[in-house]
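Please take a look at the model below. Then follow the text through the fold.

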Amino acid sequence: MTIHWCGTGLSAIPGLRRLIDNGHKVTVWNRTVEKAREAVGDLTDEIRAFDMDTLAEAVAEGDVVVSMLPADHHVPLAKLCLQKGAHFVSSSYIAPEMRALNDEAKEKGLCLVNEVGLDPGIDHLMAHALMADYKASDAFDPANELSFISYCGGVPKNENPFRYKFSWSPLGVLKALRSPSRSIRDSAVFDVDRPWDAISSYTAPLPSPEDFEVYPNRDSIPFMAEYGFEADWPVRQFVRGTLRLNGWTDAWSDVFREIETLEGPEGDARLKEMSDQFWAENAYDEGEPDRVVLCVALSAEKDGKEVWHKTYVMDAWGDERGNAMARLVSVPVSLAIESVLQGKITPGVSAAPAEAPLVQGWLAEIQKLAQHMELVDHLG
């Protein structure tokens with residue numbers, strides 16, 4: 001069985017190298033062969049130019065196709081896997097078009113695994129672990145009022161005036177700022193058109209507690225069922241969001257004001273101009289350390305008193321192993337591939353696993369990637 005790893009961008013390399021080092025049969029596909037050779041040419045000669053037709057000829061039954069390419073490639077590659085009897089893995093969110101392939105994948109006994117990077121990915125594992133811990137505790141009561149937060153952000157290890165640095169094109173970050181979000185706040189649905197309308201402060205329970213700016217992103221509400229929240233449980237807060245350095249709002253205030261005014265093709269062109277400018281002024285320098293902070297917390301109250309409260313907190317930064325973001329995205333992808341090959345993932349379209357043995361096994365491996373990872377018991 002061959003792993004067909006498509007895409008060798010920055011966030012792909014550590015996991016890809018891990019698979020090759022672990023002795024798996026891997027063929028690397030990239031649009032630019034030379035870039036792939038620079039990344040893994042010291043480990044393998046199995047490097048080919050990415051092309052759907054050529055890939056289709058190479059994929060065999062039982063293989064795994066991995067997409068670390070832009071999101072518009074995921075569904076076509078997953079459909080190719082269904083045709084060829086192969087499995088599929090990506091780190092990206094499950095799009096409706098991917099979800100629609102679930103029945104066919106189940107019928108064919110094939111795994112189409114997504115959301116196994118950092119966020120989404122590691123955050124899901126932490127959420128599943130917290131929920132299992134809470135449900136097994138003496139404090140568990142369906143009548144308890146619950147609060148859940150999941151905040152993740154890549155920030156510069158060495159702080160800069162812009163309060164942010166870019167590992168790749170800023171265009172994706174700028175486009176995300178134009179996206180609405182939906183979460184639960186004060187026991188009600190909280191709809192926000194722009195992130196800067198919902199920025200709040202969060203104190204991460206690091207060894208030295210640290211304040212960050214946070215805001216909700218995307219639609220958090222579907223993840224309530226995914227994490228095991230029952231429909232009749234009282235929920236005061238449920239939010240999945242983004243974490244930024246303190247001072248980010250002020251540093252980006254002019255950006256927010258301009259983004260609000262951009263419309264149509266001219267607006268898209270201006271976004272591209274802004275992206276190019278930010279890349280020139282605020283890209284990471286060669287060897288400069290990035291930093292990733294992830295906090296996932298669940299708390300329960302009974303009669304107004306907190307009866308259970310734990311937080312998974314992770315702090316990782318670039319070191320001699322390279323970029324922290326790349327480690328935390330691609331190594332979980334490699335764990336998912338190995339789990340598929342070992343028959344540990346249920347067929348169908350799925351996100352990061354909820355089963356306790358896989359969750360704990362993956363988290364143990366992920367802990368090695370971070371400089372600090374801890375389960376904080378706030379009442380212990």
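What follows covers an annotated domain, a sheet and the cysteines.

This is a predicted model: local features need pLDDT of at least 70, side-chain atom pairs count only at pLDDT 80 or more, and totals for chains, interfaces and linings use all residues. Residues are numbered from 1 along each chain as its sequence is written, and side-chain values use heavy atoms, with hydrogens and water left out.

Start with the record. An unreviewed UniProt entry annotates residues 12-112 as "domain: Saccharopine dehydrogenase NADP binding". Such annotations may be inferred rather than shown by experiment; positions are in the numbering used here and feature names are shortened. The span is 46% helix and 18% strand, and its end C-alpha atoms lie 18 Å apart. Helices (H or I, at least four residues) and strands (E, at least two) are DSSP runs, numbered from the N terminus.

Seven strands form an open, parallel sheet in the order 3-2-1-4-5-6-15. Pairing requires at least two DSSP bridges between two strands. Strand 3 (47-49) and strand 15 (348-350) are the edges, each pairing on one side only. Within the sheet, strand 4 (residues 64-67) pairs with strand 5 (residues 87-90) in the parallel sense over four bridges. Across this pair, S67 stands opposite S90 in strand 5.

Last, the cysteines. How many disulfides (cysteine sulfur pairs within 2.5 Å) are there? The count is zero. C81 is too far for a bond, because its closest cysteine sulfur, in C6, is 8.6 Å away. C81 is buried (under 20% relative accessible area; exposed is over 50%, partly exposed in between; 1.4 Å probe, protein chains only), at 0% relative accessibility. For C152, the closest cysteine sulfur is in C295, at 9.0 Å, again too far for a bond. C152 also counts as buried, at 7%.

Notes
A disulfide is a pair of cysteine sulfur atoms within 2.5 Å.
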